[in-house]
Amino acid sequence: QLFNAVCRGPRHSLSPHFFTAMADTAEMPVETKPVNPHVATTCTAGPIGLTAFGITTILLNFLNAELIGKDTITLIICYGMFHGGMIQILAGMWEVYRGNIFGGCAFTSYGGFWMGFALFEILMVITELEPPSKDGKVVWLVVWGIFTLLNFVGTLNANRVVQFVFASLTALFFLLAAGVNNADIHVLAGYVGIVCGSSALYLGWAEVMNELAGRELCYIGPVKNKVF
């Protein structure tokens, strides 16, 4: 009797619309993350940021390697503030707009590094501020070395050249930190910096050429087996 009472209950208790709704729910597609439309309609700013980073890194490390006179620092700093600093920050913001968080983080961070470094050098000239202690400079460079090392981990799914850029940049920061108390290591860091900047400049140029050719005209070494 209980079974009959349940089955013969009010007709509206389980209306046909209920089963229709259940069927529609079962057939609903699984939602996926929408594709960022800016990726398809906006070109990458990677070559712009890489070129800015590469040229300014090469110039500064010619000075560190003692291949040019110390009086060149004014030219390098003024140029670095705008090309190495402002242009990289703009490239980073462009990459954020495209949804490339890694490129955005890297370019804006190193652009900020150049802006801060240039401002520091200018203040040392036009003000009577005391220069930082050697221990402070070591900590500053080590922190940037750690940050760059973490960025290198993020390149393990990228191409081989960008991996080399971040690996050599990591070595550069740690060598500069060690070179604060050792002139020979500081000069060695300069040569490593020239190689690092040259690899970044090459990667920026290679990406432009590959884009123009519509294929891998210049070697960048794409990774086939993703690490993560």
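Ser109 is buried, having a relative accessible area of 19%, where buried denotes under 20% relative accessible area, exposed over 50% and partly exposed in between, with a 1.4 Å probe and protein chains only. The model is a predicted one, in which local features need pLDDT of at least 70 and side-chain atom pairs count only at pLDDT 80 or more, while totals for chains, interfaces and linings use all residues. Residues are numbered from 1 along each chain as its sequence is written, and side-chain values use heavy atoms, with hydrogens and water left out.

Ser109 lies in helix α6, which spans residues 101-126. Helices (H or I, at least four residues) and strands (E, at least two) are DSSP runs, numbered from the N terminus. Apart from neighbours within four places in sequence, Ser109 is in contact with Trp144 and Phe147; contact means heavy atoms within 4.5 Å.

The protein contains 9 helices and 0 strands, and its pattern along the sequence is α-α-α-α-α-α-α-α-α. It has 228 residues, of which 36% count as buried. Among contacts between residues at least 6 apart in sequence, 70% join residues at least 24 apart. The accessible surface of the protein is about 14200 Å², and 69% of this belongs to carbon and sulfur atoms; the areas come from the Shrake-Rupley method with a 1.4 Å probe, and for residues only the protein chains shown count as cover.

Helix α8 (residues 160-179) packs with helix α9 (residues 183-213) at an angle of about 160 degrees, their axes being 8 Å apart. The angle therefore makes α8 roughly antiparallel to α9. Angles under 35 degrees count as roughly parallel, over 145 as roughly antiparallel, 65 to 115 as roughly perpendicular and the rest as oblique. Axes are lines fitted to C-alpha atoms, for helices over the stretch in contact, and angles run from 0 to 180 degrees between N-to-C directions. The contact of α8 with α9 has 20 nonpolar, 5 polar and no charged residues. In this classification Ala, Val, Leu, Ile, Met, Phe, Trp, Tyr, Cys and Pro are nonpolar, Asp, Glu, Lys and Arg are charged, and the others, Gly among them, are polar.

Tyr219 is placed in the segment after α9. This residue is exposed, with a relative accessible area of 52%. Not counting residues up to four places away in sequence, Tyr219 touches Arg160, Val161 and Tyr202. Tyr219 and Glu207 are separated by 12 residues in sequence and by 9.3 Å in space, C-alpha to C-alpha.
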